[in-house]
Amino acid sequence: MGLLERSDAYWRFAGQCTQCGHCTKACDSLVKADMTLGDIAHALLEAERTADSADELRKNIAMNGQLVQAVRGCFFCTQCKNTCFAHNDVCDLIYNARVDFQNLGLIPRDTWSSVLVDEEWDIFTAYRAIHGIGFADLTRHVDTDYAPAETGFDVAFFPGCSLAAYAPQLTREIFETIEGFGDSVTMLDSCCGSSLRSAGFFDRAETLCDKNVQELVQSGAKKLICVCPGCANDMRKAIIRCAADIEVISLPQYLLSKGFVPKNALPDTPLCISKSCQDRDGTYLEQTCELLGVDPSTPTIFHGCCGAGGAVSAFDPDRQAHQADEKLSFAPEGSTVVTMCPTCTYTYAFRLMSAPRNLTNKHYAELLFESQIDWEMNFYQLNSMWYGEYGQWLAEVFA
Amino acid sequence: MSESMASKREPVVAIIGYGTGGVNAAIALRTSGYQGTITVFSNVDTLPYSPILTSYYASGEKTLEQCFPWSAEELAELSLDVHSNAEVLKLDVANHAISTAEGTFPYTKCVIATGSTPMCYGFPKVEGKGGYEPIVLRTLENAERLKGVLNDDSCERVLVSGASMVALKTLEACLNRGKRVTLVGMNPHVLDFNALPESAERFERGLLGYGVELRLGQTISAVKRIQRQETARNGRDWQLEVTFSNGDVDYFDEISVSHGMKSNLDFVEPGSLEIDRALVVDEYMRTSDPDVYAAGDVVQALELISGQKRIVGIWKNAAVQGACAGKAIAAELAGKEPSPEDAYKGSISMNTIAVKDILFISSGTMEITPNRTLEIREDDDMTVLYIFEEAEEGDRRLVGFNLVCDHSEEGSPAYDTGAMLTLRIESKAATKPA
């Protein structure tokens, strides 16, 4: 007890696992590692027990390929937890392990240097700056050169990093719709910190979320509308942590409460809904179906991670691609895949460009609003910014 | 505290029981900074093992080594003074003393985590030469016996009496080893108390599909050990003649019985601690005596749907409750109040069982009261029963569900649905005033 920052958590998890092995069977990464939740916790404790120094501990862990696979190959999709007969939260264990991996220098810097979303520049803020995407007029609770900070808002809108960067028009249209319902609204164009968490910067992710809550409190907003179920989960936890009196609601829930009518007709193609692994209790899926007037039992629904979770792409890019392909294979030929989380939309769009299929890929907000996401342009802009006049700057910033 | 044996010495925390509740109490004590003596009384001489895995071990799915969640090296780190084969005979609450055959041991604080024992209520005395003790399943010793039966080619037919989770896992172990299985249960359906008839029926259809003979609504009236009528099979020259409550007679090679569980509290003197169906505890797992704590199958703790104190005897609860007790004791011995953050938050009843690829998941309550409604959704793969409760403000909330899936494997959508519904129940239950 001592070398690992999170050893208390490993003791706790070791004690909660029955070692039945059902979690292993539910996850490709755990199958590859041939480990259960308990095995992971015990392996970490053993690595600590047999080490006299941090350097020895690092070597012990690095030499345990199964352990590295289990910890770095996790999408945080909760499939293991869902399958665990005791509902043990394996993801929580992995988050803790990532913290220790990060502390021990076991996660290479080049895999996370561009996603430090609590710093001035990350991949999203850089993309937005280079391509002139800004929302200074919508972040009304913030003091800017253009306008002083306002307060007393009814609601705050949280589009999340991906939507704000890759769908600025859609972001604005949603904001204007909220405002159109007569609610005074401001926008938080910050991040929930999930990429920090995946990289093992657990405390920094919590600090970022807590800072978001402080901003919310200052804005006076009593409701936070989240587009993405993952952002909603993290912000809910932060609000509880900060003991703030703010309700987190999903965008579909908000729209339902206002009697919103979708601006688009449903696509002619069959719908196939990807239930985001972050949509833990399925409310985004159900509320979206209700908004679209679709019986939840009608469309094909596939569950699980799109492959973007847990920064697995930085560890095993083939697995990420395989995961996305596998999920898309559930979609019937010619159908429209509807995603709940904008990062899922991004992941599937990228995959469909790399390996085209006869599928249409839409975020649920694209079915509700007129603005659409131009992925071809986004990928072009994402790629080109590394080679244009900002290329050198980016390489230096994210070195 | 009365004039106790322990009060004159350094603090001693005694843990009665060396299972998940006891070990997690010890872990929490150490990780909370308690450095004093921890004395553990175990009625066996093995490392702590997982009773959940006994059926897996018996059927060969797990090795013996895999049944022990903690290694000797890990446990050594906890610096425990373990008394093996030391069954506790008496807990003297007034004098802070524990008696075993070895002698009497003082304690400052005590954790009771002795688990439960499967019962054979109603199983008749077996007549005939040689007699017969039915198979039960809880301990490693029990599992060794079942393993022997499953490996015994002369055993072809097994009667499983009882329809609970333990009975069904025994049944699965038998199926996995090619035995012909008959299940007899006094209730009209399997999955006692956890399933509503509509979901139990689907589960039963799945069992029938695997060739299981079901005798539901029946009990065993008589069992007689007799000489085999035909030639002895692989050396087995006896069999069990079973008479059922409806008058039917059939013949089996072995009988497994799971007729409920009983908390192991024989060493607690009547009246010394508040016992309802088990030890009644507060949010820090304290019993009615402030120096005695308890965890696992021996406690009635907060159940969130009912707001009442109930036994929810599952492994994770034992682990969490043991940890709560350990943290609270560590705080008290350090002269502090236990932190509300470390209090037991309560649980909901939840069960998952898979027999071959037939999956059953339940969470929350199965009680249909006047303010609750039942909704059933059924398709080719799955039946889901939802129990909704009308809330005062006009909302309705999910308070329980049953899910049965005929063809599920780990990671399939059925598990995801089960987890999703459990989360909904938990999130609402946690906010409901008790």
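This is a predicted model: local features need pLDDT of at least 70, side-chain atom pairs count only at pLDDT 80 or more; totals for chains, interfaces and linings use all residues.

Author: Helices (H or I, at least four residues) and strands (E, at least two) are taken here as DSSP runs, numbered from the N terminus. Residues are numbered from 1 along each chain as its sequence is written, while chains are lettered from A and ligands numbered from 1 in the order in which they are written.

The helix in question is α8 of chain A, which covers residues 90-103. Eleven of the 14 residues of α8(A) are buried, so the helix is largely enclosed by the rest of the structure. A residue is buried if 20 or more other C-beta atoms, placed from the backbone, lie within 10 Å of its own, exposed if 12 or fewer, and partly exposed in between. The buried residues of α8(A) include Val90(A), Leu93(A), Ile94(A), Val99(A) and Phe101(A). Arg98(A) and Asp100(A) also belong to the buried set, as do Tyr95(A) and Asn96(A). After α8(A) comes Gly105(A), with a positive phi near 75 degrees.

Gly178(B) follows α5(B), and its phi is positive, near 75 degrees.

Positive phi values also occur in residues other than glycine. Gln19(A) has a phi near 65 degrees and sits in the loop between α1 (7-16) and α2 (22-25) of chain A. Gln19(A) counts as buried because it has 22 C-beta neighbours inside 10 Å. Phe193(B), whose phi is likewise near 65 degrees, occupies the loop between β10 (180-185) and α6 (197-209) of chain B. With 12 other C-beta atoms within 10 Å, Phe193(B) is exposed.

Strand β9(B), residues 157-161, is mostly covered, with four of its five residues buried. Five bridges join β9(B) to β10(B), and the two run parallel; Ser161(B) has Val184(B) as its bridge partner in β10(B). Elsewhere in chain B, an open sheet of five strands has the order β3-β2-β1-β7-β18, with parallel pairing (two strands pair if DSSP finds at least two bridges between them). Strands β3 (81-83) and β18 (292-294) stand at the edges with a single partner strand each, so one side of each is left without a neighbour in the sheet. Strand β7(B), residues 109-112, is joined to β18(B) by three bridges, and Ile112(B) is partnered there with Ala294(B).

A loop residue of chain A deserves a separate note. Val294(A) lies between α16 (283-292) and β6 (300-303) of chain A and counts as partly exposed because it has 16 C-beta neighbours inside 10 Å. Not counting residues up to four places away in sequence, Val294(A) touches Leu271(A), Cys289(A) and Pro299(A), where contact means C-beta atoms, placed from the backbone, within 7 Å. Val294(A) and Leu271(A) are 23 residues apart in sequence, with 9.2 Å between their C-alpha atoms.

The two chains meet in a contact that takes 35 residues from chain B and 31 residues from chain A. On the side of chain B that touches chain A, two or more residues each come from α1 (20-31), α3 (72-77), α7 (315-333), β21 (350-355) and α8 (413-431) of chain B. The largest share of that side, ten residues, is given by α8(B).

As to confidence, the model scores ipTM 0.85 and pTM 0.88. The mean pLDDT of chain B is 92, with 96% of its residues at 70 or more. Over residues 1-7 of chain B, however, the pLDDT is below 50, and this stretch has 16 contacts in the model beyond near neighbours in sequence.

Note on methods
pLDDT is the predictor's confidence in each residue, from 0 to 100. The expected span of a helix is 1.5 Å times one less than its number of residues.
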